[in-house]
Amino acid sequence: MTTQIQAPVRGKVTFRGVLRSEAIRMFSLKSTGILLAIAVVLYVAIAVIGTWGVGSLMQSMGDVSQMEGMSSMAQPGFASETIGSGLVFSQLILGVLGVLLFSGEFTTGSAVSTFLASPQRLRVMSAKIVLIVVLTGLTQLVSSLLAFVAAKPIAENYDLVLDFGGESFQSVLWYGTLAVIMAALIGLALGVLLRNSAGGITILAGVFFVLPIITAILGSLVDWSKNISAFLPDQLGMSLATPLSVPTELELWQQLAGVAGWIVIPLVLGAVLLAKRDIK
């Protein structure tokens with residue numbers, strides 16, 4: 001009697017399968033839920049405090065339209081822009097999530113098993129990009145909507161105009177989401193490039209907090225520094241989402257081109273190095 005040995009069945013690795021695997025891996029980490037919760041709560045809290053602060057100030061000072069440096073507060077859309085006050089913090093928190101999504105693979109050593117299961121490295125990176133875009137985009141949209149609902153009664157108490165369908169809030173809602181996605185993808189690229197969580201988070205914080213301070217100081221000394229600061233990621237995001245509060249001389253297409261540059265260039269560099277470097 002002849003015994004037949006069957007060859008092992010080899011499953012086909014698909015992009016959908018890799019995406020599902022990455023989603024399971026991501027949501028199994030406690031840090032994911034913690035960072036998402038902090039991003040939502042902090043954003044809503046800052047929006048509520050900001051709306052209360054603006055309302056109290058305008059009530060105590062009366063007509064601010066003629067006051068130097070405060071004329072923008074009298075414009076109808078200013079209260080709506082206050083909802084986006086915490087945007088920079090959301091960029092940092094969800095940017096950190098982007099860093100951890102890839103750097104964690106190399107920190108724990110699980111990158112070896114990941115790329116053995118799916119040898120096409122760029123497919124894994126593409127799955128992570130899709131996952132982080134969807135997750136951070138939805139998180140920011142939810143944060144903005146909750147912030148609007150929470151700040152609406154406060155705004156009405158101080159007779160502030162907070163219009164959901166108005167251009168100002170729609171800018172906060174959609175351009176704010178774009179700004180957060182940009183930060184998350186920059187973080188993801190840093191995770192690929194550095195393969196180190198602490199290093200990636202440090203550079204991310206430097207880009208969004210330290211670099212703007214340096215350029216602001218230089219701006220008081222040399223004029224060309226102002227041109228550079230306009231293209232920094234935090235400035236691009238805030239000027240798109242809150243143009244009354246953070247005015248810019250750039251046209252819309254220039255701002256969007258700047259956002260695209262901050263997304264595409266780091267990701268392309270990360271993809272090239274991911275394809276060439278040893279995984280270990």
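How are H7 and H11 oriented to each other, roughly parallel or roughly antiparallel? In this predicted model, helix H7 (residues 167-194) packs against helix H11 (residues 252-276) with an angle of about 20°. Angles under 35 degrees count as roughly parallel, and H7 and H11 are therefore roughly parallel to each other.

**The H7 and H11 packing**

The axes of the two helices lie 8 Å apart, and their crossing is left-handed. On the H7 side, the contact is made by Tyr 175, Leu 178, Met 182, Leu 185, Ile 186, Leu 188, Ala 189, Val 192 and Leu 193. From H11 come Leu 252, Leu 256, Val 259, Trp 262, Ile 263, Pro 266, Leu 267, Leu 269, Gly 270, Leu 273 and Leu 274. Sorted by class, the contact of H7 with H11 holds 19 nonpolar residues, one polar residue and no charged residues.

**Aromatic pairs**

Let us turn to the rings. The count comes to four aromatic pairs, and two of them are set out here with their geometry.

| Ring pair | Distance of centres | Angle of planes | Class |
|---|---|---|---|
| Phe 89 and Phe 209 | 6.0 Å | 50° | tilted |
| Phe 164 and Phe 169 | 5.3 Å | 40° | tilted |

Phe 89 sits in helix H4 (residues 87-108) and Phe 209 in helix H8 (residues 197-219), so this pair ties together parts that are 120 residues apart in sequence. Phe 89 is partly exposed, at a relative accessible area of 37%. Phe 209 also counts as partly exposed, with 29% relative accessibility.

**Around Ser 144**

Phe 169 turns up again beside a serine. Ser 144 belongs to helix H6 (residues 121-157). With a relative accessible area of 0%, Ser 144 is buried. Which residues is Ser 144 in contact with, leaving aside its neighbours within four places in sequence? They are Tyr 43, Ile 83, Phe 169, Val 172 and Leu 173.

Methods: Residues are numbered from 1 along each chain as its sequence is written. This is a predicted model: local features need pLDDT of at least 70, side-chain atom pairs count only at pLDDT 80 or more; totals for chains, interfaces and linings use all residues. Side-chain values use heavy atoms; hydrogens and water are left out. Axes are lines fitted to C-alpha atoms, for helices over the stretch in contact, and angles run from 0 to 180 degrees between N-to-C directions. Helices (H or I, at least four residues) and strands (E, at least two) are DSSP runs, numbered from the N terminus. Angles under 35 degrees count as roughly parallel, over 145 as roughly antiparallel, 65 to 115 as roughly perpendicular and the rest as oblique. A crossing is left-handed if the near helix is turned anticlockwise from the far one by less than a right angle, and right-handed if clockwise. Contact means heavy atoms within 4.5 Å. Ala, Val, Leu, Ile, Met, Phe, Trp, Tyr, Cys and Pro count as nonpolar, Asp, Glu, Lys and Arg as charged, and the others, Gly among them, as polar. Rings of Phe, Tyr and Trp (its six-membered ring) pair if their centres lie within 6.5 Å; planes under 30 degrees apart count as stacked, over 60 as edge-to-face and the rest as tilted. Buried means under 20% relative accessible area, exposed over 50%, partly exposed in between (1.4 Å probe, protein chains only).
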